[in-house]
Amino acid sequence: MSTNKIALIVGASGIIGSNLATELLATNWTVYGLARRPPQHLDGLHPVAADLLEPAALEAALADVNPTHVFITTWMRQDTEAENIRVNSALVRNILAVLSPKGTVQHVALVTGLKHYLGPFDAYAKSGTLPATPFREEQPRLDIANFYYAQEDEVYAAAERDGFTWSIHRPHTIIGKAVGNLMNMGTTLAVYASICKETGRPFQWPGSEAQWHGLSDVTDARVIAKQLAWAATTEAARNEAFNIVNGDYFRWSWLWPRLAAWFGVEAAGYDGTVRPLEAQMADDADLWRTMAARYQLTVPELDKLASPWHTDLDLGRPLEVMTDMSKSRKLGFHVYQPTEASFFDLFAQLRDDQIIP
Ligand SMILES: NC(=O)c1ccc[n+]([C@@H]2O[C@H](COP(=O)([O-])OP(=O)(O)OC[C@H]3O[C@@H](n4cnc5c(N)ncnc54)[C@H](OP(=O)(O)O)[C@@H]3O)[C@@H](O)[C@H]2O)c1
């Protein structure tokens with residue numbers, strides 16, 4: 001069956017982009033997936049290899065691609081927020097500039113995140129006051145420079161210029177499958193638990209007291225994929241920003257022992273000291289290589305799977321963080337995903353794919 005919905009996923013190999021590709025391919029879209037190294041293994045995906053920071057090459061790579069819907073699920077990590085703003089706004093500006101003369105784009109969806117409300121990593125809680133939770137879309141921007149704001153502004157300016165509609169999507173921590181991407185808490189914890197099992201170390205909570213006891217939520221990569229597809233094709237969702245989380249709240253003090261039990265390791269909770277995962281895993285690269293050989297695992301490089309710096313930032317926050325979903329619900333998006341199953345589904349998939357023992 002032919003389709004008139006042509007998606008360009010920008011960042012198609014990422015944790016959000018690759019799960020979005022799977023969702024759109026299963027629901028009758030034509031799908032182009034752009035990255036410097038786009039996925040080659042997704043049945044039906046048209047890979048587009050290009051660097052968003054090289055406009056001439058980008059234009060050439062997209063010469064025959066005429067998308068109706070553009071999904072921007074990309075970022076590049078820089079040392080300072082000023083650099084984040086410079087580079088990450090260019091990613092958005094460049095892709096929309098290359099597509100502009102084609103005149104085919106009807107809708108652009110941009111994925112940012114809860115740092116919209118929290119401030120950038122290097123400014124968590126540094127404004128002096130903790131942001132109000134649960135986060136709601138109408139909360140005003142913080143008075144702190146933020147690359148998400150710069151990316152949004154690029155989308156708004158291009159929408160004005162080219163006449164497309166837009167949607168902005170703000171997930172919490174994404175739980176889902178991706179290999180070699182920048183931030184992946186689910187796989188980080190799976191690898192960490194596998195190392196604990198191998199060595200007999202306890203599965204030690206790495207974060208803050210506020211995160212251990214407080215309420216939290218996460219975003220299953222399959223759930224944000226469904227919201228992106230919904231917003232791109234729903235009249236009432238046009239030109240709106242949306243939070244996106246699973247829909248349940250949990251406390252890490254409840255979830256942590258359950259994750260440990262899945263692996264058959266001993267859980268150790270918050271005991272008055274923050275014990276960052278980055279330090280806990282600092283010497284594990286050789287051990288992982290040995291485990292990869294012993295259990296025939298497909299990715300022997302620990303740093304391609306685990307991003308403890310990011311897990312530490314999320315779980316080390318000085319406040320509880322959770323997200324209001326009323327706006328999407330009111331407009332008709334009702335997808336719900338129990339969080340425990342988000343983790344267990346991922347762990348099972350990682351085991352099936354021989355990424356963990
Ligand atoms: N992961 C999370 O837990 C999480 C949580 C909340 C919000 N977010 C936000 O969601 C957005 C998307 O993040 P993500 O985690 O999905 O990213 P990701 O998994 O790290 O993927 C980034 C994608 O962008 C591509 N890319 C990077 N630089 C590129 C360039 N110069 N040219 C072309 N493609 C490039 C990457 O592929 P190549 O490297 O092959 O180019 C990859 O496909 C970000 O704003 C992030 O802050 C993420």
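Strand 4 (69-72) and strand 5 (107-111) run parallel and are joined by four bridges, where strands are DSSP runs of E with at least two residues and helices are runs of H or I with at least four residues, both numbered from the N terminus. The model is a predicted one, in which local features need pLDDT of at least 70 and side-chain atom pairs count only at pLDDT 80 or more, while totals for chains, interfaces and linings use all residues. Residues are numbered from 1 along each chain as its sequence is written.

- Seven strands form an open sheet in the order 3-2-1-4-5-6-11, with parallel pairing, two strands counting as paired if DSSP finds at least two bridges between them.
- At the edges are strand 3 (46-49) and strand 11 (240-244), each of which pairs on one side only.
- Strand 6 (residues 165-171) runs parallel to strand 11 and is joined to it by five bridges, with Ile244 as the bridge partner of Pro171.

**Strand 5**
- Five of the five residues of strand 5 are buried, so this strand is largely enclosed by the rest of the structure; buried here means that 20 or more other C-beta atoms, placed from the backbone, lie within 10 Å of the residue's own.
- His107, Ala109 and Val111 point one way from strand 5, whereas Val108 and Leu110 point the other way.
- In a regular strand the side chains alternate between the two faces of the sheet.
- Val70 stands opposite Val108 of strand 5.

**Helix 1**
- Helix 1 (residues 15-25) is mostly covered, with ten of its eleven residues buried, among them Ile15, Gly17, Asn19 and Glu23.
- The cover over these buried residues includes strand 1, strand 2 (30-35), strand 4, strand 5, strand 7 (174-175) and helix 8 (221-232).

**The ligand shell**
- The ligand is surrounded by 27 residues, of which the closest are Gly11, Gly14, Arg36, Gly113 and Asn181; a residue counts as near if its C-beta atom, placed from the backbone, lies within 6 Å of the molecule.
- Helix 1 gives the largest share of this shell, three residues.
- By class the shell has 14 nonpolar, ten polar and three charged residues, with Ala, Val, Leu, Ile, Met, Phe, Trp, Tyr, Cys and Pro taken as nonpolar, Asp, Glu, Lys and Arg as charged, and the others, Gly among them, as polar.
- Domain 1 (6-171) and domain 2 (178-217 + 249-322 + 337-352) each supply at least three residues of the shell, the domain bounds coming from an automatic or database domain assignment.

Technical notes. Contact = placed C-beta atoms within 7 Å. Axes fitted to C-alpha atoms, helices over the stretch in contact; angles between N-to-C directions. Buried ≥ 20, exposed ≤ 12 C-beta atoms within 10 Å, placed from the backbone.
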